[in-house]
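Please keep the 3D view open as you read.

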Amino acid sequence: NVYYLDVDPIYFYIFLYKMKQYNITKPLPQPKVMTLSYEYSPISITSYIKQTMSCPVLDLYGTTEFGYVFLTNQDGELALCPELLDVDFIQIENADNLYELVISSFKNEHMPLINYRMGDIVEMTKNQYDKFKEHGIITRIAGRTKNLIKNNGKTIVVSTIDDIISKYKTIAFYQLSIISNKRYNIKLLLHPDAYLSVVELNSLNQELQDLLCGDVDCSIGETIAPEMSGKFALIK
């Protein structure tokens with residue numbers, strides 16, 4: 001049967017992980033198309049799902065309150081779904097290229113929202129901002145305002161950390177804990193049967209220390225617990 005499947009990327013990854021861990025060989029039913037939504041998906045997890053599934057895998061951004069806002073187009077960019085909504089941006093203080101999403105929506109007739117601050121961040125250059133105004137295109141959601149790290153004159157978002165970690169192909173997931181202004185712990189989870197060498201671990205540790213201008217303790221763990229909301233915090 002042809003069907004559409006919408007999943008939380010992290011929980012779906014856990015499902016795929018457990019299939020491999022317990023050697024479940026029954027083939028997965030393949031939908032016609034799949035969307036990843038509900039929470040921020042690290043590049044490594046998105047890539048793993050795309051490699052596992054034979055159908056198109058698209059990013060879908062929206063909320064329970066008023067539904068979808070952006071959907072991946074054929075060029076891999078997030079395109080605005082403009083029906084009954086309007087999008088604006090508030091620039092993040094001391095960060096030229098970071099903007100908080102502001103939504104006005106009438107998609108849900110029981111919950112119209114006017115100038116609703118989403119708490120989600122888009123990273124845009126001036127050219128990308130102009131492209132949004134002309135075509136309704138953004139590159140990606142860069143993280144949450146509550147997870148911003150401000151240190152040594154820099155404003156750091158989840159996507160910046162994700163870009164570094166995604167270079168290490170055996171890392172599946174991670175959680176960065178802020179211990180103090182200059183101290184951080186990061187727990188790494190590896191893909192099934194994967195290995196991270198001491199050299200790679202030290203290299204990653206150095207890259208994160210350079211980015212965060214502080215001491216970073218990298219460790220490989222077995223599990224990361226979700227928050228009370230059921231979602232996973234990449235930075236806490």
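Contact here means heavy atoms within 4.5 Å. The model is predicted, so local features need pLDDT of at least 70 and side-chain atom pairs count only at pLDDT 80 or more, while totals for chains, interfaces and linings use all residues. Residues are numbered from 1 along each chain as its sequence is written, and side-chain values use heavy atoms, with hydrogens and water left out.

With contact defined, look at Met 34. Leaving aside residues up to four places away in sequence, Met 34 touches Leu 5, Val 7, Phe 12, Ile 49, Met 53, Cys 55, Pro 56, Val 57 and Leu 58. Buried means under 20% relative accessible area, exposed over 50%, and partly exposed in between, using a 1.4 Å probe and protein chains only.

Now turn to the helices. Helices (H or I, at least four residues) and strands (E, at least two) are DSSP runs, numbered from the N terminus. How do H1 and H2 pack? Helix H1, residues 9-21, meets helix H2, residues 43-52, at an angle of about 55 degrees, and their axes are 10 Å apart. That makes H1 oblique to H2, since angles under 35 degrees count as roughly parallel, over 145 as roughly antiparallel, 65 to 115 as roughly perpendicular and the rest as oblique. On the H1 side, Pro 9, Ile 10, Phe 12, Tyr 13, Leu 16 and Lys 20 meet Ile 45, Tyr 48, Ile 49 and Thr 52 of H2. The residues of this contact divide into 8 nonpolar, 1 polar and 1 charged; Ala, Val, Leu, Ile, Met, Phe, Trp, Tyr, Cys and Pro count as nonpolar, Asp, Glu, Lys and Arg as charged, and the others, Gly among them, as polar.

In H2, the buried residues are Ser 44, Ile 45, Thr 46, Tyr 48 and Ile 49. Their cover includes H1 and the strands E2 (33-36), E3 (57-63) and E13 (171-180).

Finally, visit two loops. Tyr 38, between E2 and H2, has a positive phi of about 80 degrees although it is not a glycine. Tyr 38 is exposed, with a relative accessible area of 51%.

Terms used:
Axes fitted to C-alpha atoms, helices over the stretch in contact; angles between N-to-C directions.
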